[in-house]
Amino acid sequence: MMNRPLLAQIAHWCVNLKWQDIPRPVVEVARTALTDYVAVTIAGSEMPVAQNIQKLVGSRVPSGRCNIFGTGQTSSAAYASYANGAASHALDFDDVSWATIGHPTVTVAPAAFAMAQERQLSGDAILLAYIAGFEAQHQIARWLMPTLSEQGWHTTPTIGVFGAAVASGLLMELDEHALTHALAIAASSASGVRGNFGSQTKAMHAGLAAFNGVNAAELAQIGVTGQPNVIEAADGFGQCFALRTDLADAKVTLGEYWDLQENGLVFKQYPCCSGSHPAIDCWDELLHERQLTPGDIEFIQVGASLLGPRELVCSKPQNAIEAKFSMQYALAARLVYGAVGVAEFADRKVQDERIQALMARIQMRVDPELEKLGFIGTAPVKIRVTLTSGETIAIANDLAKGNPEKPLSTQDIEKKFTACVAPQVGEGKCRQWLALLAQFESASSAEIKELLKQ
């Protein structure tokens, strides 16, 4: 096995994965991830980028077996994956992995759901394909992170395309040979740069990765080939994306190391870039203790880690999308509106004069001590608040709630699900979704299709 190409080793593990091989904690985290995915996809289907992709899909493949969440549209597996992937990332409310410093579920789950609908498969097939795709893409990430992210690549699509290829390939019953080639094709489909954060393209990245993953599996099925050693080869994926030329002896640890168990996932409380979440948490705690108003604030200095300025790129946002990548808006919204929820990310709220004036008094920079931690995704933060009275207040936070170390409760997950889903489908169908997802291994293809009807 050690002398075989890395992608061939990954394909071998994925094709031979059985339910009895999967630790129970892995299944439980995966089930929660799919629950969260359904919630944010249904809610995100109303966002402008999702609706734009839905129009594109309608013009390309206007009908098919696969539902586009939150709409009455159907399409092919590839194009439904595209639309659902974009919708699931549109609110930036989806889960996060620190192994990739990215969003893993929104590339794998759209492909798994769509391909399962295409082939009329049940919940257990979706769940197993999701787990295999997730673990496969994180194996690749363990070889290449954090350098890949440091180079400016958006890790969600760049790594996620491999997970989407695995999930769709398994549901298509590709053998090891074909799945290896699907992964090799995916390597040439990987892309997405962080320079597009703060625009609709950022959310589109997730849909494009899901689409390209399905496309890679379908191409491999009909005989298109790639180089099985494309990860470790000269001018291969590792070298081009992460400057790695030493992967010939890299070890595949799938089945020995389960990323879903060891690292877990971060489930978000706020629909914006996770780089601001530790800051929102400790700011929220302070504001519960002190009844501050915008007029009380002279200046706020935010000390961030290295990734902060690379993700939170909009210091003076003028619309809702830009605001999702703004530390300034997150803190200003919590003070002015009392919350940082879906309703707060609206253009008119971003453009409010009180918000704009307060954001001008908030500055973010890399903190020298936090810089020493390296290129990490957990977004530790130090905040120094100077009041107009002359008083200064110092607060800090190393980790946001929603991380495995500070988990959301089952009630928190259900509350988020209901807030996202009930406005679109009603309380009754929302409860049906929650019940189905709680026992997703037992869900039939017909039950899933019925709930996805709009």
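**Figure 1. The largest nonpolar core of the predicted model.** This core contains 118 residues. Tyr130, Ile131, Ile140, Trp143 and Phe237 are the members that touch the most other members. Helix H6, which spans residues 123-144, supplies the largest share of the core, with 13 residues.

**Figure 2. The surroundings of tryptophan 143.** Trp143 is one of the residues that touch the most other members of the largest nonpolar core.

**Figure 3. The contact of helix H2 with helix H5.** Helix H2 covers residues 24-44, and helix H5 covers residues 105-118. The two helices pack at an angle of about 85°, and their axes are 10 Å apart. Angles of 65 to 115 degrees count as roughly perpendicular, and H2 and H5 are therefore roughly perpendicular to each other. From H2, Ala33, Leu34, Tyr37 and Val38 meet Thr105, Ala109, Pro110 and Phe113 of H5. The residues of this contact are 7 nonpolar and 1 polar, with no charged residue.

**Figure 4. Glutamate 344 in a loop between two helices.** The loop that holds glutamate 344 lies between helix H16 (327-337) and helix H17 (347-350). Residues under 20% relative accessible area are buried; glutamate 344 therefore counts as buried, at 9% relative accessibility. The side chain of glutamate 344 reaches the backbone nitrogen of glycine 341 at 2.7 Å. Not counting residues up to four places away in sequence, glutamate 344 touches Tyr329, Tyr337, Ala339 and Lys349.

Definitions and conventions:
Residues are numbered from 1 along each chain as its sequence is written. This is a predicted model: local features need pLDDT of at least 70, side-chain atom pairs count only at pLDDT 80 or more; totals for chains, interfaces and linings use all residues. Side-chain values use heavy atoms; hydrogens and water are left out. A nonpolar core is a set of buried Ala, Val, Leu, Ile, Met, Phe, Trp, Tyr and Cys residues joined through side-chain atoms within 4.5 Å. Buried means under 20% relative accessible area, exposed over 50%, partly exposed in between (1.4 Å probe, protein chains only). Helices (H or I, at least four residues) and strands (E, at least two) are DSSP runs, numbered from the N terminus. Contact means heavy atoms within 4.5 Å. A polar contact is a pair of N or O atoms within 3.5 Å; within protein, one must be able to donate a hydrogen and the other to accept it, and residues adjacent in sequence count only if both atoms are side-chain atoms. Axes are lines fitted to C-alpha atoms, for helices over the stretch in contact, and angles run from 0 to 180 degrees between N-to-C directions. Angles under 35 degrees count as roughly parallel, over 145 as roughly antiparallel, 65 to 115 as roughly perpendicular and the rest as oblique. Ala, Val, Leu, Ile, Met, Phe, Trp, Tyr, Cys and Pro count as nonpolar, Asp, Glu, Lys and Arg as charged, and the others, Gly among them, as polar.
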